[in-house]
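Hi there,

Here is the structure I promised to pass on. Have a look first, and my notes follow below.

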There are 2 protein chains.
Amino acid sequence: MQRWKATVSYDGTLFAGYQVQPEGRTVQSEIERSLAKMHKGEDLRISASGRTDAGVHAIGQVCHFDSPLAIAGDRWQKALNALLPSDIRITKVEAVAPDFHARFSAQKKEYHYRLLTCSQPDVFRRHYAYHFPYSLDRGALEEGMRMFLGTHDFTSFSSARSTVEDKIRTIYRFEMDTSTDEILFKVSGSGFLYNMVRIMMGTLLDAGQGRIEPKDIEAMLQEKNRIAAGKTAPPHGLYLYHVTY
Amino acid sequence: MQRWKATVSYDGTLFAGYQVQPEGRTVQSEIERSLAKMHKGEDLRISASGRTDAGVHAIGQVCHFDSPLAIAGDRWQKALNALLPSDIRITKVEAVAPDFHARFSAQKKEYHYRLLTCSQPDVFRRHYAYHFPYSLDRGALEEGMRMFLGTHDFTSFSSARSTVEDKIRTIYRFEMDTSTDEILFKVSGSGFLYNMVRIMMGTLLDAGQGRIEPKDIEAMLQEKNRIAAGKTAPPHGLYLYHVTY
């Protein structure tokens, strides 16, 4: 048995999310189906660094699986990509130690959020960036991002449906790149709760529009109640960019 | 009655092509359906600068229609966009003279072709650029593009199904931009026959790979036979970029 670490990119548009669910097409079920074909129909289970919501994209999702097959990493990649649908691509497969775990060994995660700010929507980016044709105060966005930095209880910034007990997470970096016709937000942290990046983004846009003061975010964190924070930004602007081990 | 010129952008991925056809969803039928809704169900016919094949995209397709409704240009745009599916966007509507014709008044057309040359496919561009992970000789591509410049009979570079009688067209410009991880080809001419840009591109890639000599293109033009030229490049890299009147 060898444990393998696979890096996966997927277009979330046509998926019901990452995890296997009774209904709807998921990334996990597609990968497991391809692995089953490579193992004479035997079911293999894969574990990912975490779930992504329906419509959320991934550039560097990571998962692991165990297999008795003696295949090199680049052969795994080719064989799986030949079996997978075109909206999922394996970008790397590496042999790892038996105690590597895609979720529990993760040290840091980076998410990106793409915001298209021009007045006209772009048909070619309608599934890949959130079209937000409203004026935004850059200083307020920057101050808002700073409010999230550090270690906080993110209960207010996670879905009320979240079942995780420990809601304390650390945000290491939160920046934006305005060099194109989009604003690209980059946030990295020790981990993220269910819907957390999307609620942070929705709240940040409230600050950018002057609906709230950036410093209100501190009080929102202290409330520890989902209703204290802003709206959940739509999934199609969000990308799981990288997981660090 | 007022004649209106509409500039239209569409993602060709989910369309069977531009023109109304017995089966399959087309851009023309979607726009005509939206116009009918604005005219109490009365059927309006629109005319475009030309058809685009299934899967081909448009950034600046142009069409015209006549309407008795007294609405300003920007109101037309908003009203139509509210009725159209999200993969078609009207980017401009202008009042024009009654003798304006989207097809017959066109002076020049510009097409773009996006080629993704990195070794790994990109899930987010799988419908928007042709993934071609093979080495290409830049000098051969440039020489090949030059062979098309000027006025030629393009019979060899049009689908055998083309029914147009006059197959003489003039190419004004054919250039490539290699400033990103894609090669962006830009070609403008007096007009283009059915499949013409795609066959030119397929032939150009043969030259870039050394399968043919760039100067062979001259003999291909002289043959005036579709089988003389190269393959038809796939539609999803192609964009109708601009029509000049």
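Let me begin with strand 3 of chain B (residues 57–67), where nine of the 11 residues are buried. Buried here means under 20% relative accessible area, with exposed over 50% and partly exposed in between (1.4 Å probe, protein chains only). Strands are DSSP E runs of at least two residues, numbered from the N terminus.

A word on the ground rules: this is a predicted model, so local features need pLDDT of at least 70 and side-chain atom pairs count only at pLDDT 80 or more, while totals for chains, interfaces and linings use all residues. Residues are numbered from 1 along each chain as its sequence is written, chains are lettered from A and ligands numbered from 1 in the order written, and side-chain values use heavy atoms, leaving out hydrogens and water.

Which strands pair with strand 3 of chain B (pairing takes at least two DSSP bridges)? Strand 1 (residues 2–10) runs antiparallel to it over eight bridges, with Gln2(B) partnered by Ser67(B). Strand 2 (residues 47–48) is also antiparallel, joined by two bridges, and there Ser47(B) has His64(B) as its partner. Strand 10 (residues 238–244) pairs in the parallel sense over two bridges, and His57(B) stands opposite Tyr239(B).

Over in chain A, Tyr111(A) lies in strand 5 (residues 108–116) and is buried, at 7% relative accessible area. An unreviewed UniProt entry gives it as a "binding site"; positions follow the numbering used here, feature names are shortened, and annotations may be inferred rather than shown by experiment. Beyond four places in sequence, its contacts (heavy atoms within 4.5 Å) include Arg51(A), Phe185(A), Lys186(A) and Tyr241(A).

Best wishes

Methods
Helix = DSSP H or I, 4+ residues; strand = E, 2+ residues; numbered from the N terminus. Pairing = 2+ DSSP bridges.
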